[in-house]
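This report walks through one structure, element by element. Keep the sequence and the 3D view open while reading.

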Amino acid sequence: MSMYQVKPICGGDIKIDLPTCMYKLANIHAQQGTGCNPEHALQNGEVDPAVKALEARQNEIMRKLYELKAAVEGLAKTVTTPDADLDLTVSSSLSSQSSSSTTFKGTTDLDTQLGKDHGALRDIVVNANPAHPPLTLLVLHSLLSQRYRVLSTVHVHSSVAGVPPQLLSCLGPRHADSYARQMFQLGFTLIWKDVPKVEMKFSIQNMCPIKGEANVARFLFKLLAPYPSDPALATLVDSWVDTAFFQLLDGSAKERAAVLRALNSALGRNPWLAGPDVSLADITCYCCVLQSGSVSSAPANVQRWLKSCENLGYFGPAKLLLQ
Amino acid sequence: MCVPDRALVRVQDLTPEKADQLIWLRARIHTSRAKGKQCFLVLRQQQFNVQALVAVGDCASKQMVKFAANITKESIVDVEALVRKVEQKIESCSQQDVELHIERIFVISQAEPRLPLQLDDAVRPDGEGEEEGRATVNQDTKLDNRVIDLRTTTSQAIFRLQSGVCQLFRDTLTKKGFVEIQTPKIISAASEGGANVFTVSYFKTSAYLAQSPQLYKQMCICADFDKVFCVGPGKKSSHHVLPPCAAFTLVRSLRCFQTEIQTVNKQFPSEPFKFLEPTLRLEYTEAVAMLREAGVEMGDEDDLSTPNEKLLGRLVKEKYDTDFYVLDKYPLAVRPFYTMPDPNNPKYSNSYDMFMRGEEILSGAQRIHNAQLLTERAIHHQIDLEKIKAYIDSFRYGAPPHGGGGIGLERVCMLYLGLHNVRQTSMFPRDPKRLTP
């Protein structure tokens, strides 16, 4: 079908004055002459050598990048495993930083355990039921206070009607500088609250709450010293910690008696419960023996060990509370 | 001597002890329902109500029963009735063990038949309204007819609580040796500047309504009154070096208003208010660290936006399980010119905010008591010294170090009860769109 013919509005031969100030480019639409072989070659699928060189350089750079990435990942793995810390402590042979009588081997770094402080107080919040004061945690608190500058505060939650005065002063007297929270390395906020189990909160974004006095004790202990590097010994410590809480403190009379017998036989071989040095096992077992009222009925080795514990001088706060 | 000839008994005192007594009572008709030869009425006084009965018999004729059934709702009536014990508890009334058998009934003040809103609808929780397809009343209608809306049990509870808060506030401060003062409400210069200043015509010139009595309280401190407070519209304030304990005593004492709190919770359910004793005090740097950990990007000296304040409230609630805390050592850059800088760190100030359920209820600080430093800070904030000359002058003749803050009464009630709109705790609220009732 032929279209409606319109007469041309303007002639095809208009003269245009091209501007001379602009950069001139060859007309890309104009028909090419026969003297442009390279371009023809491109259109046939061959590749310009310049482009090839560019590609080769790019591949080289990518390869180097992948190698770097692998190297960094390897490094990251080694830095975040616990062994790295121990390697440092063993090789640097540092002794305890403070002048306290603590005999815990090895040192730990608060930044590694808790994350950098970002210029603000790192506050550990412990919720405990006033009906079952967590003696182990009080002992660990006093050890922490000797090692670091700790800001300790005690609060009573509205879910609890009232609390005896010794529970309000169980973390010791108020620090003179307590208005300047940033000056402290660590905060320890104890809240007496109606909770079924002891609970600890630190970083709400990165950590879920830690429940159970045994677990909180493990966390706090790691701020003082690492667990023994020997896995068998570490497991032994853990086992005693659990025994202390579940069978000694919360167990029936029969279970308690069994634990005391086990303690007795273990202490017949070694001065301390897990290896040649004091460990978390000794701290927790001592507190649980005290709290369960089993001191008088303890067998001979246990009595001797109880005396040795007392000589360490850590357990003042616990004994004060039980009076 | 004038003895009333009619001893009116309160509805809340209608208990089985009064059984078989003939008493007079003045109350409102809450509902009336005729059923053949009887008419059942529910008579209401504030949050208490009781069932009453007019039956055809010795004292009442058929016309009287019809008259009783036709009395409009909300009318005020005087009733002479016998108190009778009931075997089955009347669940729908506050007085569940008795009912009234009416012998005489008089209408004292009649209400118009068409009420702008029904009290039962105004008290219905929003969720229930949607589920059962029953009406609820929206806030504007309630506020337009505040006189009726305030009669609901919820409103009665809210404002009785608020009155209690105000009373507790006065009592707590007075016990601590504070003096209550009255400050001028019309002032010559806009005290804190800003757009929300109301101008009034004043003799041949104009003046402003005072936004805050702060400047006058400070002058009183310089006048050796040591501890002062004043309660009034706009802001309620106290000036002392340790306000957190007063605010805290308030929060703890509010526990004695359990009935009121439960009444409000029936219509507006909320989580019970939790707090720590002594009050939790966090520093601004900790707040910034917590917010950054939660993904908020902010500078060390940035102010907290309202969404950030609410987020911080949730974070603090999660970590410490408290709805009430104090945030201390705000950055100097975001506080008014009269705030005393922190002596240990020039970037920060001795100023604090208190929060309830993540919302600010009080902003306070130590004020600068040195005229020279005050002038420097005013210049730094580019404030016209002429406008505040009288204020600076008051510190030139010996001024003690002092500080304090202002608490919002309505906000405290709103936040304590877990309500969401401050108009609910404001009796006759004013806002840009509302000037009546």
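## Ground rules

Two strands count as paired if DSSP finds at least two bridges between them. The pair S16–S17 of chain B clears that cut-off with six bridges. Within S17(B), B:Gly405 is the bridge partner of B:Gly364. The model is predicted.

## Chain A overall

Chain A has 323 residues, and 38% of them are buried. Its secondary structure consists of 12 helices and five strands. The accessible surface is about 20,000 Å². Carbon and sulfur atoms hold 58% of that surface.

Now take the contacts in chain A with a separation of 6 or more. Of these, 75% join residues 24 or more positions apart.

## Two helices side by side in chain A

Two packed helices are described by the angle between their axes and the distance between the axes. Helix H8 (residues 231-249) and helix H10 (residues 280-291) of chain A have axes that come within 8 Å and cross at roughly 10°. Angles under 35 degrees count as roughly parallel, so H8(A) is roughly parallel to H10(A).

Which residues of H8(A) meet H10(A)? They are A:Val237, A:Trp240, A:Val241, A:Ala244, A:Phe245, A:Leu248 and A:Leu249. Facing them in H10(A) are A:Leu280, A:Ala281, A:Thr284, A:Cys285, A:Cys288, A:Val289 and A:Gln291. The residues of this contact divide into 12 nonpolar, two polar and no charged.

## A threonine in helix H2

A:Thr78 sits in helix H2 (residues 49-80) of chain A. Its relative accessibility is 48%, so A:Thr78 counts as partly exposed. A:Thr78 and A:Phe202 are separated by 124 residues in sequence. In space, the two are 25 Å apart, C-alpha to C-alpha.

## The barrel of chain B

In chain B, five strands close into a barrel. Their order is S1-S2-S3-S5-S4, and the pairing is mixed. From one strand to the next, the twist averages 55°.

One pair in chain B is S3 (residues 48-55) with S5 (residues 98-109). These two strands run parallel and share three bridges. Here B:Gln51 stands opposite B:Glu99 in S5(B). Helix H1 (residues 62-70) of chain B lies across S1, S2, S3 and S5. H1 runs at about 75° to S5(B).

Three strands of chain B form an open sheet in the order S7-S9-S8, with antiparallel pairing. Strands S7 (186-187) and S8 (199-202) of chain B stand at the edges. Each has a single partner strand, so one side of each lacks a neighbour in the sheet.

S7(B) and S9 (residues 205-209) of chain B run antiparallel and are joined by two bridges. In this pair, B:Ile186 is opposite B:Leu209 in S9(B).

## Strand S14 of chain B

Is strand S14 (residues 324-328) of chain B buried or exposed? Five of its five residues are buried, so S14(B) is largely enclosed by the rest of the structure. In a regular strand the side chains alternate between the two faces of the sheet. Both faces of S14(B) are covered. B:Phe324, B:Val326 and B:Asp328 lie on one side, and B:Tyr325 and B:Leu327 on the other.

S14(B) pairs in the parallel sense with strand S13 (residues 280-283) of chain B over four bridges. S14(B) also pairs with strand S15 (residues 351-356) of chain B, in the antiparallel sense and over five bridges.

Six of the six residues of strand S17 (residues 402-407) of chain B are buried, so S17(B) is largely enclosed by the rest of the structure. B:His402, B:Gly404 and B:Gly406 point one way. B:Gly403, B:Gly405 and B:Ile407 point the other way. Strand S16 (residues 359-367) of chain B runs antiparallel to S17(B).

How many residues of helix H14 (residues 409-417) of chain B are buried? Seven of the nine are, so H14(B) is largely enclosed by the rest of the structure. The buried residues are B:Leu409, B:Val412, B:Cys413, B:Met414, B:Leu415, B:Tyr416 and B:Leu417. B:Gly418 follows H14(B), with a positive phi near 75°.

Notes
Residues are numbered from 1 along each chain as its sequence is written. Chains are lettered from A and ligands numbered from 1 in the order in which they are written. This is a predicted model: local features need pLDDT of at least 70, side-chain atom pairs count only at pLDDT 80 or more; totals for chains, interfaces and linings use all residues. Side-chain values use heavy atoms; hydrogens and water are left out. Buried means under 20% relative accessible area, exposed over 50%, partly exposed in between (1.4 Å probe, protein chains only). Contact means heavy atoms within 4.5 Å. Accessible areas come from the Shrake-Rupley method with a 1.4 Å probe; for residues, only the protein chains shown count as cover. Axes are lines fitted to C-alpha atoms, for helices over the stretch in contact, and angles run from 0 to 180 degrees between N-to-C directions. Angles under 35 degrees count as roughly parallel, over 145 as roughly antiparallel, 65 to 115 as roughly perpendicular and the rest as oblique. Ala, Val, Leu, Ile, Met, Phe, Trp, Tyr, Cys and Pro count as nonpolar, Asp, Glu, Lys and Arg as charged, and the others, Gly among them, as polar.
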